[in-house]
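Reader: I have the sequence and the model open side by side. Could you walk me through a few spots worth a look?

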Amino acid sequence: MQTILGSNGIIGTELAKALYTDFTHDIKLVSRHPRKVHSSDILFAADLLDAAQMDEAVRGSDIVYLTVGLPNDWKIAKAQWPVIMQNVIDACLKHNAKLVFFDNTYMYGTSEGILTEETPFLSKGKKGKVRGEITTMLLNAIVETELMALICRAPEFYGPRKTKSITNSLIFENIRTFRKLKVLLRDDTLRTLIYTPDAARAMALLGNTPDAYHQTWHLPCDDYHPTMKEFIQMAGEKYGKKLDYIILKNWMIRLMGCFNSGMFETIELLYRYKTDNIFDSSKFKRRFPDYRITTYPEGISEIIDELKQLKT
């Protein structure tokens, strides 16, 4: 049995597809209100903040994937993430299940240069500190207990279907609603984004690779690092028309944050848009040289095709 905790989100849903296609049909989907991806999926409703419910969710699992996505609110993250992490560590140890944690890069903070698995946790922001805390909890458990676990780390998302990210909301959602696109701070810095189906397929692969455990892995991204100007140009080419956009200055973002909670929660992450933000995934590519990574033109094309279908 392979179990996905937080199965309703985009990563959980895409992970279920990847596991079913490449590894197993014996899949348990866990969330407060889980929904089937395949007819054979086992559904288990649970509140992961409750240790007893977490225990029952993990029981009988060989591999557990933690893909939970909490609301974009640092107060919720601070209150809930340490509880969830401790509960899943305890449950996996009790039931001898392997743990695969889907992580982000918030803990790196304003680290300069190319981000690798060895980049230190330097974030001084509230979200980054929480993320560093729970990741360190897991790393300590790997060293101090018999827990078999690995960390899959991803940069910002872009992708089709239910993908929620800054790029999707400011670029593709505005294309869908015929509004002017928005870019944070600058359109000329180099960016690394990960295509959500690629992230999930790579996570499934790592979880089913015995020698991948007790390590941190940067999930695979296209080696091309487009600026947002180039990214929007690619989207325009696929959409069939020039796409106009506005660059949001720092003061504009902070003003918008007074009225928009989503924009307010983005303020802490603005450092990612001030300079080049390059995420290195060469470790994964060396270990899995045959893994097929979706290029930006391919990924953007799939998203645009989906948007066009929604309008018909």
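Reader: Which residues does threonine 135 touch, not counting residues up to four places away in sequence?
Author: Happy to start there, with threonine 135 in helix 4 (helices, H or I, of at least four residues, and strands, E, of at least two, are DSSP runs numbered from the N terminus). This is a predicted model, where local features need pLDDT of at least 70, side-chain atom pairs count only at pLDDT 80 or more, and totals for chains, interfaces and linings use all residues. Residues are numbered from 1 along each chain as its sequence is written, and side-chain values use heavy atoms, with hydrogens and water left out. Taking contact as heavy atoms within 4.5 Å, threonine 135 touches Phe101, Asp103, Met107, Phe121, Ile151 and Arg153.

Reader: Is threonine 135 buried or exposed?
Author: Buried means under 20% relative accessible area, exposed over 50%, and partly exposed in between, using a 1.4 Å probe and protein chains only. Threonine 135 has a relative accessible area of 0%, so the residue is buried.

Reader: Which side chain makes a polar contact with the side chain of threonine 135, and at what distance?
Author: A polar contact is a pair of N or O atoms within 3.5 Å; within protein, one must be able to donate a hydrogen and the other to accept it, and residues adjacent in sequence count only if both atoms are side-chain atoms. A polar atom of the threonine 135 side chain lies 2.9 Å from the backbone oxygen of arginine 131. The side-chain partner is aspartate 103, at 3.0 Å.

Reader: How do helix 3 and helix 4 pack, roughly parallel or roughly antiparallel?
Author: Axes here are lines fitted to C-alpha atoms, for helices over the stretch in contact, and angles run from 0 to 180 degrees between N-to-C directions. Helix 3 (residues 74-95) and helix 4 (residues 126-144) have axes 9 Å apart, at an angle of about 5°. Angles under 35 degrees count as roughly parallel, over 145 as roughly antiparallel, 65 to 115 as roughly perpendicular and the rest as oblique. Helix 3 is therefore, relative to helix 4, roughly parallel.

Reader: Which residues is valine 130 in contact with, leaving aside its neighbours within four places in sequence?
Author: Valine 130 sits in helix 4 and counts as buried at 7% relative accessibility. Its contacts beyond those neighbours are Ala77, Lys78 and Trp81.

Reader: Which side chain is joined to that of tyrosine 65 by a polar contact?
Author: Look at strand 4 (residues 63-66), where tyrosine 65 is found, buried at a relative accessible area of 0%. Among the contacts of tyrosine 65, apart from neighbours within four places, are Leu15, Val100, Gly207 and Asn208. Along the chain, tyrosine 65 and asparagine 208 are 143 residues apart, yet their C-alpha atoms are 11 Å apart in space. The polar contact is 3.2 Å, and the partner is asparagine 208.

Reader: How many disulfides does the count come to?
Author: A disulfide is a covalent bond between the sulfur atoms of two cysteines; here the rule is a pair of cysteine sulfur atoms within 2.5 Å. The closest cysteine sulfur to that of cysteine 92 is in cysteine 152, 14 Å away, so it is too far for a bond. Cysteine 221, also with cysteine 152 as its closest, has a sulfur distance of 12 Å, again too far for a bond. The count is zero.

Reader: How many of the 11 residues of helix 5 are buried?
Author: Helix 5 (residues 166-176) is mostly covered. Its buried residues include Ile166, Leu170 and Phe172.
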